[in-house]
Amino acid sequence: MEISISVNGTDRRSNVEPRTLLVHYLRENLGLTGTHVGCDTGYCGACTVIVDGRTVKSCTMLAVQADGRAVQTIEGVANGEELHPVQEGFWERHGLQCGFCTPGMIMSSIALLEKNDNPSEDEIRHGIEGNLCRCTGYHNIVRSVQYAGAKMRGEEPQGASQEVTS
Amino acid sequence: MSTTSVMGGIVRRKEDPSLIQGKGNYVDDIKRRGELAAAFVRSPFAAATVSSIDTSAALELDGVHAVYTAEDVRHLGLNPAQVAVGTLRPFLADGVVYHVGEAVAMVVADNRYVAQDAADLVYVDYEPGDAVVDLKEAFADASQVHDGESNTLLTWSGHAWWEGVVELPDPSPGIQEAKERDDTVVVSLEMVNQRLIPTAIEPRAVLADWNSGYGSVELWSSSQIPHALAGAIGVIFGIPSNKVRVVAPEVGGGFGLKLNVYPDETLVCFASKQLGRPVRWTETRREAGFASIQGRGWIGTATITGTKEGKILGYELDAICDMGAYSQNFTVAIPLLGLFVAPGQYDIPTSYALHCVVTNTPTTDAYRGAGRPEAAYYLERIIDAYAREIGMDPADVRKANYWKSDQFPVTTAVGMTMDSGDYEANLDALLDRAGYEELKARRDAARSEGRLLGVGLSSYVEVCGFGPSALAGLGFSWGGYGLPTSFNGSGVVRVQPDGTCTVTIGTGPSGQSHETTWAQIVADGLGIPMENIEVQHGDSLDSPMGVGTFGSRSIAVDGTATYEATNRVREKAATIAGHLLEAAPEDIRFEDGSAHVAGSPDRTVAWAQIAESAYQPHTLPEGMEGGLESSVVFSPPNATWPFGSHLALVEVDPETGDVDLLEYWATDDCGNVINPMIVDGQLHGGIAQGVAQALFEEAIYDEMGNLLTASLVDYPLPAAGNLPMFSLDRTVTPSDVNPLGVKGIGEAGTIGAAQTIVNAVVDAVSHLGVKHIDMPLRPKRVWQAIEDARN
Amino acid sequence: MYPSNFDYVAPTSLDEALAALSGSENAKLLSGGMSLLPLMKMRLVRPTTVVDISRIPGLDTITDEGDHIAIGALVKHADTASSELVGKHATALAQAAGTTADIQVRNQGTTCGSIAHADLAADQPAAALALGATMVAASVRGEREIAAADFFVDTLTSALEDDEILVELRVPKGGKSAYAKLGRRGGDSDYPIAAAAVWVDASDGTVADARIAVTGVSSKPYLAVASAQAVVGTDGSGDAIASAASHATDDVVVLEDLYGSVEYRTHLASVFVKRALEGVLG
């Protein structure tokens with residue numbers, strides 16, 4: 001069926017089978033492969049995108065459900081050459097290793113910081129609980145979000161890129 | 001030597017700009033014109049004969065191009081890329097299935113949705129047999145997995161594991177003698193080191209494009225071993241390996257599960273060859289529980305015999321190790337890796353028997369740590385139990401039995417030579433930093449209020465950085481490929497005509513930051529800025545021959561090769577610069593993108609000018625060959641031996657058994673460090689996977705061999721809220737088997753963590769009479785252990 | 001993990017949706033999709049028609065109706081969790097919604113959807129039971145009200161007919177309520193291994209009335225009647241709470257799974273009845 005979705009600010013019209021999952025629509029129809037698939041059951045969060053301002057798991061949403069809505073993916077996060085503070089935070093604080101969970105993790109972190117740009121460690125951990133990472137143990141992801149929060153508040157991020165004391 | 005010191009420094013990763021913008025290229029992101037998608041029909045039975053397969057309905061479906069069964073691929077033989085012990089795997093089950101999820105047929109269709117529609121229409125008749133799932137029953141061999149073959153493939157023995165090479169005196173008589181003494185105690189525990197599903201967040205994915213015109217195939221695979229895979233594909237299809245290009249682009253986590261040559265990699269090549277179109281397959285998360293390897297899966301009894309003063313007189317482990325139904329790349333070699341570190345950091349008589357046993361379950365193979373976490377688990381758990389039995393602090397018991405720093409190099413009870421170590425200093429550094437005495441006081445104070453706090457400790461030693469090449473004698477190869485046969489590393493360093501640098505290496509990352517780390521090595525050696533260095537990897541034709549990324553080996557082996565290649569390029573460049581500056585080569589210094597004469601900073605020539613000269617041989621010194629590149633293969637004389645100590649503070653909810661990991665400290669020693677930020681990141685993730693084994697994860701099978709935990713709903717990976725920040729520190733004892741002094745850090749965290757957590761939880765409840773709880777320490781188990789101890 | 005084919009309709013009025021639902025043999029209702037889509041991806045459910053009700057106006061509000069609050073069919077878990085109205089008058093429901101799954105799921109899934117799905121281990125059904133909620137079911141035959149106590153029939157089975165839509169959840173005001181749970185990944189994360197929602201009317205120092213619901217323990221979320229009786233008429237002290245806790249699994253068949261034995265779940269039910277009661281009486 002015919003759908004029309006605003007994706008990263010651009011209206012996209014496509015004809016899809018109703019069974020097409022939003023994530024496959026983004027990846028296969030639009031070539032936006034930054035949104036990843038890591039599981040079948042809506043648990044890993046690698047497919048997280050923002051629909052009408054809220055994070056959703058695009059592997060557990062039909063493309064037809066997004067008809068008429070606004071979708072933001074990782075490809076729409078940076079402002080041209082200028083990285084979003086969350087992207088910058090992940091780079092500065094080594095918030096990624098293999099990078100596969102990263103786009104989803106960044107989308108959740110953005111949504112978290114847009115609600116509260118000065119979250120506690122606990123609030124950050126709960127704010128990204130729907131995104132699983134197998135590489136980082138979340139330690140540096142928490143620090144990446146803290147870095148981004150400081151940037152978004154107009155403050156200088158504290159701490160170093162690594163913390164070994166010796 | 002250059003003065004631009006980026007070695008040992010924190011450098012932002014070169015990998016990140018693409019990945020944080022969603023521009024990374026993982027296999028499933030790559031698109032080929034006209035590509036088709038595959039889906040598999042998988043067995044619902046763990047042991048069955050296949051009496052018939054009806055593909056007609058599937059073939060009639062619109063958009064279906066082919067359905068293949070064993071008959072179609074029988075001519076390809078068995079998957080050769082497997083360790084030489086055990087049963088080899090056919091590409092599609094040929095008349096018999098040996099585990100649930102084994103592929104019986106492959107469908108190729110226009111896209112993955114239609115492929116699944118068609119797979120649902122393939123009707124297979126099975127005659128189910130008796131599945132052998134329970135590991136102890138399998139070891140007892142009452143019912144055989146493979147008709148006429150013992151379920152026990154082999155038993156690794158601690159003192160004679162390599163016939164003709166390692167033959168040490170049998171420690172058992174001495175240990176038996178110690179047991180019979182009046183002044184000794186014997187402490188024994190049966191413990192399960194449960195099966196795990198590695199679960200890289202990127203499922204495996206493959207895409208093959210067979211070009212019958214060129215007689216060649218390109219295969220993209222989310223693989224840790226592109227060269228070995230290319231070799232296997234060449235052998236299987238009878239084509240030269242220089243007609244096989246395997247590309248491992250971005251790989252979304254490996255942890256050992258992508259260290260295999262899987263049937264699906266061959267099958268997509270086959271389908272592409274037959275159909276003349278590219279064919280892809282991407283594993284679903286559920287399939288990952290069947291189609292990829294699993295890890296761990298040991299049941300063992302650990303026993304310590306020692307004096308009441310803490311001197312260990314004998315350590316014994318007798319364990320059954322689950323191999324699954326088939327042997328794959330390493331399978332029976334995984335317990336052997338554990339055996340290599342059986343005595344840990346200790347100078348103790350060690351008797352080891354590891355029985356490699358097949359069951360009707362998916363194959364086990366390398367998962368992060370691969371044998372070494374299991375070995376560390378049994379040893380460090382039983383040492384804790386021994387310390388508790390004799391009423392000594394577990395830290396003191398460890399110190400009483402460590403190898404001393406002035407004894408190195410040492411030959412361990414299993415015949416391994418360890419290069420260096422200062423274990424006591426490392427443990428002391430950890431205990432001081434964590435405030436060990438205060439923690440114990442805090443635990444005791446909490447206990448008096450009815451709260452259950454526990455402090456747990458573990459030491460570990462790891463063997464990694466494989467080679468040496470001599471280990472190849474234990475191994476297997478295919479067409480000159482294979483893994484141990486080429487336990488060496490490679491690196492090519494080329495300065496381009498414009499003065500930028502391309503580094504091509506034999507191993508590639510699945511998150512370990514090779515691009516950044518290798519660029520640091522080269523930037524340090526050449527004084528070329530990091531941003532002018534590109535690191536290429538993962539292409540079996542364009543990268544130098546490589547073994548793969550596993551066993552925490554890349555930096556110690558391929559990193560060293562690159563370091564040596566860098567040195568050779570620098571030497572040549574110094575000669576050219578000396579020629580251009582009319583100075584002696586030994587007086588040339590490199591920094592900030594140029595060369596200058598020592599003591600005369602004004603006499604300078606840019607890398608671009610040196611490179612320009614190198615590629616215009618008439619400008620070079622008389623007789624010098626043109627070009628500015630070096631290719632080095634490095635074969636280390638030994639493996640490396642990282643070590644460390646970990647400490648955890650946990651709280652147990654006495655009513656529910658829920659474990660809260662409050663704090664975690666680790667002091668690790670991986671030798672010299674190239675990028676501390678990256679090393680710490682490896683530790684964080686490694687520790688998290690160890691904690692995950694201790695508290696959360698378990699692959700559970702029912703008696704029919706069904707995997708009950710195939711989805712993340714039932715296989716709970718820890719989320720951010722389940723883990724604390726990790727407090728890290730390090731000691732630095734450089735390795736002497738490579739000039740960088742590096743050891744490897746990819747698996748260390750995992751090897752140290754699981755028993756640290758279990759020791760802490762048991763500490764929290766030991767005063768109630770609990771001696772051991774098997775992992776994962778889910779609330780139900782902890783509560784049950786408390787209940788059982790009370791009653 | 002790719003759903004099989006189906007017809008999709010997205011009606012813009014309730015009447016259209018009800019007609020579509022009654023007019024198809026094997027139609028499934030889709031709102032947030034958090035339960036339905038994973039089942040469809042595994043092809044455990046293969047509907048011929050999916051009726052997406054998310055475009056029907058007026059069903060996405062939480063309103064104050066004087067003696068009760070009304071939660072529409074399309075209200076997301078996240079909205080239930082953060083609603084001041086729900087937080088004030090139906091604390092247990094807000095808490096249960098706030099610990100349902102994770103943020104993305106709470107952004108997508110709906111409170112009514114979770115209740116209608118009737119998973120034996122879902123959070124919010126327990127809160128609906130304890131709060132004495134009323135479910136409003138609509139079909140082409142009209143609307144009917146179902147008391148929460150009559151709503152949960154068995155695992156994944158509610159009192160809803162196949163052609164009915166749970167259009168509204170009505171939660172009476174008054175009293176105090178709380179929800180306490182142990183999740184599969186420890187703490188309150190993930191599905192409950194066991195959890196309890198309690199509601200008490202104890203405004204004058206004595207527990208005048210109480211309802212206690214338990215989830216994750218048996219084949220359906222249930223009201224622990226004996227537990228409630230044990231606390232009613234008491235001062236809500238520790239002894240009364242302990243007595244209530246001891247009856248948490250009276251007359252139910254406790255189930256076991258990978259996360260808990262019968263014995264353990266029986267014990268946990270008591271623990272969380274106690275903890276939830278301490279939350280409102282402590």
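Good morning. Helix H2 of chain A, residues 85-92, packs against helix H3 of chain A at an angle of about 125 degrees, and the two axes are 9 Å apart. The structure before us is a predicted model. I begin with this pair of helices and then turn to a second pair in chain A.

At that angle, H2(A) and H3(A) are therefore oblique to each other. Their crossing is right-handed. Which residues in the two helices meet? From H2(A) there are A:Val86, A:Gln87 and A:Phe90, and from H3(A) there are A:Thr102, A:Ile106, A:Ser109, A:Ile110 and A:Leu113. By class, the residues of this contact are five nonpolar and three polar, with no charged residue.

The loop between H2 and H3 of chain A holds A:His94. This residue is not a glycine, yet its phi is positive, about 55 degrees. Most residues other than glycine have a negative phi. Is A:His94 buried or exposed? A:His94 is buried, because 27 other C-beta atoms lie within 10 Å.

The second pair again involves H3(A). The axes of H3(A), residues 102-115, and helix H5 of chain A, residues 139-152, come within 11 Å and cross at roughly 45 degrees. That angle makes H3(A) oblique to H5(A). Here too, the word for the crossing is right-handed. H3(A) contributes A:Met105, A:Ser109, A:Leu112 and A:Leu113 to the contact, while H5(A) contributes A:Ile141, A:Val145, A:Ala148, A:Gly149 and A:Met152. These residues divide into seven nonpolar and two polar, and none is charged. Please note that A:Ser109 and A:Leu113 are named in the contact with H2(A) and also in the contact with H5(A).

How many residues of chain B are in contact with chain A? There are 51 of them, and they touch 49 residues of chain A. On the chain B side, the elements that give two or more residues are helix H1 (16-19), helix H9 (285-291), helix H18 (676-695) and strand S28 (726-730). H18(B) gives the most, with nine residues. In terms of class, this side of chain B has 23 nonpolar, 15 polar and 13 charged residues.

Chain C also touches chain A. Here 23 residues of chain C are in contact with 21 residues of chain A. On the chain C side, two or more residues come from each of strand S1 (7-9), helix H2 (36-41), strand S3 (49-52) and helix H6 (103-108). Which of these elements gives the most? It is H6(C), with five residues. The chain C side comprises eleven nonpolar, eight polar and four charged residues.

I turn next to some local features of chain B. Helix H11, residues 372-390, has 19 residues and reaches 27 Å from its first C-alpha to its last, close to the 27 Å expected at 1.5 Å a residue. H11(B) is mostly covered, with 16 of its 19 residues buried. After H11(B) comes B:Gly391, and its phi is positive, near 70 degrees.

In strand S15 of chain B, residues 350-358, we find B:His355. B:His355 counts as buried because it has 22 C-beta neighbours inside 10 Å, and the cut-off for that word is 20 or more. Apart from neighbours within four places in sequence, B:His355 is in contact with B:Phe139, B:Thr152, B:Thr155, B:Ile320 and B:Cys321.

Most peptide bonds are trans. One cis bond joins B:Phe408 and B:Pro409, with omega about -5 degrees, and B:Pro409 is in the loop between helix H12 (394-401) and strand S16 (410-411). Another runs from B:Met775 to B:Pro776, with omega near -10 degrees. B:Pro776 is in the loop between helix H19 (748-765) and helix H20 (779-790) of chain B.

C:Leu156 lies in the loop between strand S8 (152-154) and strand S9 (157-158). Phi of C:Leu156 is near 55 degrees, a positive value in a residue other than glycine. With 13 C-beta neighbours inside 10 Å, C:Leu156 counts as partly exposed, whereas A:His94 is buried. Thank you for your attention.

Key
Residues are numbered from 1 along each chain as its sequence is written. Chains are lettered from A and ligands numbered from 1 in the order in which they are written. This is a predicted model: local features need pLDDT of at least 70, side-chain atom pairs count only at pLDDT 80 or more; totals for chains, interfaces and linings use all residues. Two residues are in contact if their C-beta atoms, placed from the backbone, lie within 7 Å. Helices (H or I, at least four residues) and strands (E, at least two) are DSSP runs, numbered from the N terminus. Ala, Val, Leu, Ile, Met, Phe, Trp, Tyr, Cys and Pro count as nonpolar, Asp, Glu, Lys and Arg as charged, and the others, Gly among them, as polar. Axes are lines fitted to C-alpha atoms, for helices over the stretch in contact, and angles run from 0 to 180 degrees between N-to-C directions. Angles under 35 degrees count as roughly parallel, over 145 as roughly antiparallel, 65 to 115 as roughly perpendicular and the rest as oblique. A crossing is left-handed if the near helix is turned anticlockwise from the far one by less than a right angle, and right-handed if clockwise. The expected span of a helix is 1.5 Å times one less than its number of residues. A residue is buried if 20 or more other C-beta atoms lie within 10 Å of its own, exposed if 12 or fewer, and partly exposed in between; C-beta atoms are placed from the backbone.
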